[in-house]
Amino acid sequence: MTSGSLASKTIHELQALYAGKQASPEELLEDLLARIARLNPAVHAYIEPPDPERLRQQLKQQMAAAPNGRLRGIPITVKDNICSTGQEVGCGSRILKGFRSPYDATVIERLRAAGAVIVPRANMDEFAFGSSTENSAFGGTRNPRAT
């Protein structure tokens with residue numbers, strides 16, 4: 001693995017590391033999961049921590065399904081208002097607690113077709129009424145660089 005956090009690299013940097021066999025999608029996912037576990041209690045970027053086993057399984061599926069995808073093995077976090085089949089989606093509100101999406105939003109379909117790994121439930125203003133998360137039912141987010 002290369003020096004520094006893989007989770008802080010750009011997509012282009014990650015693709016170059018993958019191509020040069022200096023890093024793997026599995027290493028990136030583990031680095032990202034460790035970063036989320038370490039920072040999310042203070043930052044509140046995710047409404048709930050992502051399920052590591054579900055993401056590991058999704059990574060395996062994506063690596064097989066999109067061998068030439070432009071985003072192959074790249075984790076992409078999506079806000080809590082983007083529907084992904086079987087995932088809870090609550091739009092930053094407690095009103096929708098327990099609602100699981102019966103379908104994938106178009107953006108999710110396209111990201112998966114490109115080989116991306118979907119990391120769900122980023123915090124957001126309730127029903128997208130705002131831009132700072134000050135109106136989220138789950139509390140405001142903080143800048144991870146300021147923690």
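Q: A crossing is left-handed if the near helix is turned anticlockwise from the far one by less than a right angle, and right-handed if clockwise. Which is the crossing of α2 and α3?
A: The crossing of α2 and α3 is right-handed. Helices (H or I, at least four residues) and strands (E, at least two) are DSSP runs, numbered from the N terminus. This is a predicted model, where local features need pLDDT of at least 70 and side-chain atom pairs count only at pLDDT 80 or more, while totals for chains, interfaces and linings use all residues. Residues are numbered from 1 along each chain, and side-chain values use heavy atoms, without hydrogens or water.

Q: At roughly what angle do the axes of α2 and α3 cross?
A: Roughly 155°, and the axes come within 11 Å. Helix α2 covers residues 25–43 and helix α3 covers residues 52–65. The angle, taken between N-to-C directions on a scale from 0 to 180 degrees, makes α2 roughly antiparallel (over 145 degrees) to α3.

Q: Which residues meet there?
A: From α2, Pro25, Glu26, Leu29, Glu30 and Leu33 are in contact (heavy atoms within 4.5 Å) with α3. The α3 side consists of Pro52, Leu55, Arg56, Leu59 and Met63.

Q: New topic. How many residues has the largest nonpolar core?
A: It has 16 residues, and Leu6, Leu71, Ile74 and Leu111 have the most contacts inside it. A core is a set of buried (under 20% relative accessible area) nonpolar residues joined through side-chain atoms within 4.5 Å.

Q: Which elements give two or more residues to this core?
A: They are α1 (11–19), β1 (75–79) and α4 (106–113). The largest share, three residues, comes from α1. A second, separate core of ten residues includes Leu32, Ile36, Leu55 and Met63.

Q: Back to Leu111. What does Leu111 touch?
A: Leaving aside residues up to four places away in sequence, Leu111 touches Gln62, Leu71, Ile76, Val78, Ala116 and Ile118.

Q: And Gln58, is that buried or exposed?
A: Gln58 lies in helix α3 and counts as buried, at 10% relative accessibility. Gln58 touches Arg112, Ala116, Val117 and Ile118, again not counting residues up to four places away in sequence.

Q: What about the phi of Arg121, positive or negative?
A: Positive, about 75°, although Arg121 is not a glycine. Most residues other than glycine have a negative phi. Arg121 is in strand β2 (residues 117–122) and is buried, with a relative accessible area of 4%.

Q: What is the phi of Ala128?
A: Near 65°, also a positive value in a residue other than glycine. Ala128 lies in the segment after β2.

Note on methods:
Parallel < 35°, antiparallel > 145°, perpendicular 65-115°, else oblique. Buried < 20%, exposed > 50% of the residue type's maximum accessible area, 1.4 Å probe, protein only.
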